Amino acid sequence: MEAIIVIVLEAGRSAVDVALYTLLPIMVVTMVLLRFFEVSGSLEKFLTVMAPIARPFGLNGLGVLAMLQISFVSFVAPLPTLVLMEKRGASYRHLSAALAAILAMAPANAVFPLSVMGLNAGEALIISLLGGLTAAATTYWLWGRKLSSEPHNAENSEQKATEKFSVLKIINTSGAEAIQIVINIIPMLLLSLVVVTALRHMGAIGSLQALMAPVMNIIGAEPELLLPFLTKYLAGSTALVGVMHDLNAQGQLNLSLVSLTSAGLLLHPLDLPGVAILLSAGARLGKTALPAILGGVIGITLRTFLGTIIS
């Protein structure tokens, strides 16, 4: 029992640290900017311009905005946009396509730190865009074709958009919404971190690394790739960047870890914490998760393949 309590407390501290000191600042700033964007009327102009361009890929203008946010801000930056899509009554198919694109793309909070270690950020972002568009299109037209394409009952967003708001009211209202979203994230984030922490305490990650080393040698992959791989899929991109930073500081960073192939395979939110956090953006997103994950896998596969060719 004592061991379980230690694991829960350790995971809890990590979850609160990530939520309060990483997610919350980004969420507050993104929510405030998005609200100013909406109130000023710039959002509607953006959506009008992007709608015909995004339509063949199963996206709407907000889906494109979410792709830009993950590419140039952080993997949590699209959360307010997903919330806005729900409020505006986006169909299940459009929600699923947007979620798939986000899951398949490389987040800025991983790409830019790794560019200092040797990753070609420009090429990684271009390949990421192609992967995201492919994920969205396959989700909308294939995996999610059975989802409803009819608009959902929406809140009266048009009235809210034209309503006069003071700067202070926008900041307070948007900040409160951001805080509520982060609070909703904590339970799912905590549970995912409990799993990771428990596996680490039990020595499962080290044992699996030793067990898989012969297999890695047979397929021609270096055993050093296993630790970053497990860290990424169990603990997320932020933890992966931390591991890579430590390896680089110790002079043990393998150049293959900062190749375009590795970027395609490892830099995306399709991991345990990432999926948990993104699905917390709204109740309807959970119903779109499976098609979106399938589309995300297709996009990540394409990114890895293109990275291998270019490299």
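## Helices α5 and α15

In this predicted model, helix α15, residues 289-310, and helix α5 have axes that approach within 8 Å of each other and cross at roughly 40 degrees. The crossing of α5 past α15 is right-handed.

On the α5 side, the contact is formed by S96, L99, A100, L103 and A104. On the α15 side, the residues taking part are A289, P291, A292, I293, G295, G296, G299, I300 and R303. Sorted by class, this contact of α5 with α15 comprises 9 nonpolar, 4 polar and 1 charged residues.

## The largest nonpolar core

The largest nonpolar core of the model contains 54 residues. Within this core, L59, L79 and L82 have the most contacts. Helix α5, which spans residues 92-104, contributes the most to this core, with 9 residues.

Which residues does L59 contact, leaving aside its neighbours within four places in sequence? They are A54, M67, H94, A97, A98, L133 and A136.

Another core, of 22 residues, lies apart from the largest one. Its members include M117, L247, V258 and A263.

V258 is located in the loop that runs between α12 (237-249) and α13 (260-266). Is V258 buried or exposed? Its relative accessible area is 7%, and because the cut-off for buried is under 20%, V258 counts as buried.

Not counting residues up to four places away in sequence, V258 touches L114, M117, G118, L119, M244 and L253. One of these, M117, is also listed with V258 in the core of 22 residues. V258 and V111 are 147 residues apart along the chain, and their C-alpha atoms are separated by 9.6 Å.

## Aromatic pairs

A pair of aromatic rings is described by the distance of the centres and the angle of the planes. The whole structure holds 3 aromatic pairs, among them the pair of F37 with F46 and the pair of Y140 with W141.

The rings of F37 and F46 are tilted, with 55 degrees between the planes and 6.2 Å from centre to centre. F37 has a relative accessibility of 25%, so this residue counts as partly exposed.

Y140 and W141 form an edge-to-face pair. Their ring centres are 4.8 Å apart, and the angle between the planes is 80 degrees. Why does Y140 count as buried? The reason is its relative accessibility of 11%, since under 20% means buried.

Methods: Residues are numbered from 1 along each chain as its sequence is written. This is a predicted model: local features need pLDDT of at least 70, side-chain atom pairs count only at pLDDT 80 or more; totals for chains, interfaces and linings use all residues. Side-chain values use heavy atoms; hydrogens and water are left out. A nonpolar core is a set of buried Ala, Val, Leu, Ile, Met, Phe, Trp, Tyr and Cys residues joined through side-chain atoms within 4.5 Å. Buried means under 20% relative accessible area, exposed over 50%, partly exposed in between (1.4 Å probe, protein chains only). Helices (H or I, at least four residues) and strands (E, at least two) are DSSP runs, numbered from the N terminus. Contact means heavy atoms within 4.5 Å. Axes are lines fitted to C-alpha atoms, for helices over the stretch in contact, and angles run from 0 to 180 degrees between N-to-C directions. A crossing is left-handed if the near helix is turned anticlockwise from the far one by less than a right angle, and right-handed if clockwise. Ala, Val, Leu, Ile, Met, Phe, Trp, Tyr, Cys and Pro count as nonpolar, Asp, Glu, Lys and Arg as charged, and the others, Gly among them, as polar. Rings of Phe, Tyr and Trp (its six-membered ring) pair if their centres lie within 6.5 Å; planes under 30 degrees apart count as stacked, over 60 as edge-to-face and the rest as tilted.
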